[in-house]
Amino acid sequence: MSTAELEERDPGRLERTAIGGVLVREIINFSSYWRSTTFSSTVEPTIYLLAFGFGFGSLVSVVGGYDYIDFVATGTVATAVLFSSIFPAMFGTFIKYKFQHTYDAILAAPVDTEELVTGEALWLAMRASVYGCAPLLVGLVFGLDPSWGMLAVPAINFVAGYGWACTGVAIAGWLKGIENFNYVTSAVITPLFLVAGTFFPLTGLPGWVQALAQLNPLFHCVQLVRHAAFGWEGWADVWNFAFLIIFGLLMWRVAIAAMERKLID
Amino acid sequence: MNDRAACDPFDVPSAAHALELSHVVKRYGEITAVNGLDLVVPEGRCVGLLGPNGAGKSTTMRMLTAQTIADEGQITVLGHELPGDSKAARARMGVVPQLDNLDTTLTVEQNLVVFSHLYRVPKAKRKAAIERVLRIANLGQRRDSKVDELSGGMRRRLLIGRSLIHQPQLVLLDEPTVGLDPQVRQELWALIDLLRSEGVSILMSTHYIEEAERLCDSVTIVSHGSAVAVGAPTELVAEHAGRDAVEIYGSPERLVEVEAEMAKEGFPTRRTGTSIAVLGLDDADGRAPAGERRPANLEDVFVLLTGEEIA
């Protein structure tokens, strides 16, 4: 019997089998809605890329030493990662909690909140890792030069996506109603999205904005992707990557705490 | 020792208990949802947790999976102390929730695949486990149907079947037939009876008296968060209501009078909505009132013990 093996040892924390079970659930569910998700996750950043790339590109041809379309193609990778992780995390978590009662079912199984959050964030990070490459591929079609460094982009996307997914879970865990999501989107996500060096370099902004941007994970993701495509910048990139890892670990714990508060009474 | 006897009508040694709660308390601010509850499910028995809405049944069910943490008291499930060892207990326990939480865009079989992973059925045994559940739940023909396309009864069967994917030793059923029509309810009773005959320990919360009477070896009647009576349904009826009840019909004013008269005589009564049922008539001899005589039942006990006002 399946349970006999289990009894031999005490189940610990963050078990691979428990996280795997949560992942399997997400993957099987994904098979029923992947078309619409893939469409929105890839088409939206591509539209940004084309609109800004050609719209602005006709006014400014070179930005920060790069062709503007190349500048935007690399920048919107981070946007695609952000959108395809934080929003599904916010809405997905809330819907599963409030309307589908999915978490009641999962937590009645030998899965703890910690494993539940980890599994769901890992899955969104994997998805974001792939979706985030779409703008880069579009950029390549429009003349971006391929480089070996680009092979690191999925890994950068994964780490950033994990942090954003955890942020989304934490927001859903923290907020009482889905209507409050609007506050977060307008007051937090939109500024983060705009002040990250995606569409224009931050060098033209006031000093204090530049200083604040250093705290924006999206900025570090944009920098890393750009350097991956155009040439690494040594310690600066080590710092960028370290920042994303710290961001991911921190938000992971915050998300777990928020969900434990929500799910266990 | 006395406490144990009070909540354990089977007098089974505690090592053989699938589940045991003693003096469990759960408060939400000013409200005490569970108030010193004692409850035992001996191995291989089906125990009913019977009580009106708001008696603390659902809170109790959530405490057994450690989704609600008790403020006081002890909970042991399959030999594991909760909430610390809850995960090991959950691995050997199946849970049928009151609210349907199937993945509705997935097929019947996909739902079972997901749960075979969540409940850690080893890879080599997964296929057989899924086939077994499809057979038990009688859903073999509908394995490729999306849950959205199933009838209410089929969804419930799948929900129960899903909880059996890992051959649990203990199954918790939270209001398993609430909101279903009588035919579907009978179908589910047959399914629960099958489990019982296979030796699975069952705790079932319900407020359908007939369900408890038919399926449970013992019931614990809860009111305001604590147990007010424990025993086999027939024993409880004999003890609290006697052999027969006499129903007296009349205008609402007349019924109020009857209630007062019977109280004076020392007979317990309970309202049925259209009549007053007079109970405890075993030793009444000639003093028994005139009216329609019928065998006393668990519903009489239930209403007598849990009160008549709706909270």
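In the hairpin of β1(B) and β2(B), which residue takes a positive phi, and how many residues lie between the strands?

Analyst: B:Gly29 takes the positive phi, near 60°, and 2 residues lie between the strands. This is a predicted model, in which local features need pLDDT of at least 70 and side-chain atom pairs count only at pLDDT 80 or more, while totals for chains, interfaces and linings use all residues. Residues are numbered from 1 along each chain as its sequence is written, and chains are lettered from A and ligands numbered from 1 in the order in which they are written.

β1(B) covers residues 17–28 and β2(B) covers residues 31–42. Strands are DSSP runs of E, at least two residues, and helices are runs of H or I, at least four residues; both are numbered from the N terminus. The two strands pair in the antiparallel sense over 9 bridges. Pairing requires that DSSP finds at least two bridges between two strands. B:Val25 has B:Asn35 of β2(B) as its bridge partner.

β1(B) has another partner. Strand β4 of chain B (residues 72–77) runs antiparallel to β1(B), and 5 bridges join them. Here B:Val25 stands opposite B:Glu72.

Now step back to the chain. Its domain assignment, automatic or from a database, gives domain 1 (2–92 + 169–237), domain 2 (101–167) and domain 3 (242–295). The centres of domain 1 and domain 3 of chain B, taken over C-alpha atoms, are separated by 32 Å.

Further along chain B is an open sheet. Its 4 strands have the order β12-β13-β11-β14, with antiparallel pairing. β12 (269–271) and β14 (292–295) of chain B stand at the edges with a single partner strand each, so one side of each has no neighbour in the sheet. β12(B) meets β13(B) (residues 275–278) over 3 bridges. In that pair, B:Thr269 stands opposite B:Val278.

β12(B) also holds B:Arg271. B:Arg271 has 13 other C-beta atoms within 10 Å, so it is partly exposed. The cut-offs are 20 or more such atoms for buried and 12 or fewer for exposed, with partly exposed in between; C-beta atoms are placed from the backbone. B:Leu304 is 33 residues from B:Arg271 along the chain, yet their C-alpha atoms are separated by 8.8 Å.

Next, the two chains together. 28 residues of chain B are in contact with 30 residues of chain A. Contact puts the C-beta atoms of two residues, placed from the backbone, within 7 Å. On the side of chain B that touches chain A, α3 (86–91) and α4 (108–118) of chain B each supply at least two residues. α4(B) gives the largest share, 5 residues. This side divides into 13 nonpolar, 9 polar and 6 charged residues. Ala, Val, Leu, Ile, Met, Phe, Trp, Tyr, Cys and Pro count as nonpolar; Asp, Glu, Lys and Arg as charged; the others, Gly among them, as polar.

Finish in chain A. Helix α10(A) covers residues 217–230. 12 of its 14 residues are buried, so α10(A) is largely enclosed by the rest of the structure. Among them are A:Phe219, A:Cys221 and A:Leu224. The cover includes α3 (68–98), α7 (153–174) and α11 (235–263) of chain A. After α10(A) comes A:Gly231, with a positive phi near 135°.

Conventions
Expected span 1.5 Å × (residues − 1).
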